[in-house]
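The entries follow in the order I took them.

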Amino acid sequence: MSMKKYVALAGVAMLTLAGCAAPAADTAAPATSDLKICVYTHGDGGTFWSVAQKGAEQAAADLGVELDYQGANNDAAKQASTIEAGVAAGCDGIATSVPDAEALQGPMDAAKAAGIPTVTMNSGSSAFAKLGAFTHVGQDEVIAGQQAGLKFNAMGVKHVLCPIQEAGNVGLADRCAGLKQTFKGKAEEFNLDGGLADLTAATAKLQAALEADKTIDAIFALNADIAAKAAMPAAEAAGVSVKIGTVDMSPEALDAIEAGTMEFAIDQQQYAQGYMSVVLLYLNLTNGHELGGGQPVYTGPGFVTKDNVAKVKELVAAGSR
């Protein structure tokens, strides 16, 4: 695809990259409505993905481009077909999450063959180059797990359970792998496949695990709803005291951190993932930029603890965290 004419002021692009607010209406950049940027994720529209979508929508509004955002509700085949449809329907640039690189390889190859620039976001930091994307926007999941391991070391715990709620999601496996690299005690993966779809069943499985092995003194949840709505109730039902940390945030998880019943949440800053994916594609389409230097653009991990949870909750209420 030939490069489209650059019609926005360079200063607006720089302000966007710096995370500044959109300019006032009378000084806004000219609309570039001929550009269609597509963001196709495996998202379910829940607590996490609704914020990522808001970021993408805000970037599109700030830059004056058309946005097509679609989630696949953790269905890799549906996500692949959505990308294929987007290629055929005239997407100028495509951002996609990559829970299953093999499932998306064909559609991403088709985008490359059509000359459509792509970036990956959220999951896929180890697979973006093979998929033909010029960068990845998100959190390195191994690093996130490593940092969680260090947090648990500081707490003095000895046995961390790492429940994986979506079998085959490489990002979740990477988080547990990173935990094992730095945690000095025993880090154990636990099959909790389908846990988000049935939190009651997930609670029962975790409760049984805690009752069966009293040495488990911590849970590293890979999703905030699993942490607050399954791990915490499971520990209470089992009558045990465990340290709980999670990846990502939810209102319930933040309340628990504030109350001291949850230790931390790893914030990969999904609003920025959605926002920056659109910005990076826009700059590529309008000015030939391939930012990232062939490496991922990291949005995390950052930690939410009792020390900063009040400020984060304010930003969550505003819809940007």
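**Loops and a helix pair**

I started with P301, which I found in the loop between β11 (297-300) and β12 (302-304). The model I am reading is predicted. G300 and P301 are joined by a cis peptide bond, with omega about 10°. I noted for comparison that most residues other than glycine have a negative phi, and most peptide bonds are trans.

Next I looked up positive phi values. N74 is not a glycine, yet its phi is positive, about 65°. I placed N74 in the loop between β2 (66-71) and α3 (76-89). D248, also a residue other than glycine, has a positive phi near 75°. I placed D248 in the loop between β9 (243-247) and α9.

Are these two residues buried or exposed? N74 is partly exposed, with a relative accessible area of 36%. D248 is buried at 8%, the cut-off for buried being under 20%.

How do the axes of α8 and α9 cross? Helix α8 covers residues 224-238 and helix α9 residues 251-259; their axes come within 7 Å and cross at roughly 65°. The two helices are therefore roughly perpendicular to each other, and I logged their crossing as left-handed.

For the contact itself, I listed A224, D225, A228, K229 and M232 on the α8 side. On the α9 side I listed E252, A253 and A256. Sorted by class, the contact has five nonpolar residues, three charged ones and no polar ones.

Methods: Residues numbered from 1 in each chain as written. Predicted model: local features only at pLDDT ≥ 70, side-chain atom pairs only at ≥ 80, totals over all residues. Heavy atoms only, no water. Axes fitted to C-alpha atoms, helices over the stretch in contact; angles between N-to-C directions. Helix = DSSP H or I, 4+ residues; strand = E, 2+ residues; numbered from the N terminus. Parallel < 35°, antiparallel > 145°, perpendicular 65-115°, else oblique. Left-handed = near helix turned anticlockwise from the far one by under 90°. Contact = heavy atoms within 4.5 Å. Nonpolar A, V, L, I, M, F, W, Y, C, P; charged D, E, K, R; others polar. Buried < 20%, exposed > 50% of the residue type's maximum accessible area, 1.4 Å probe, protein only.
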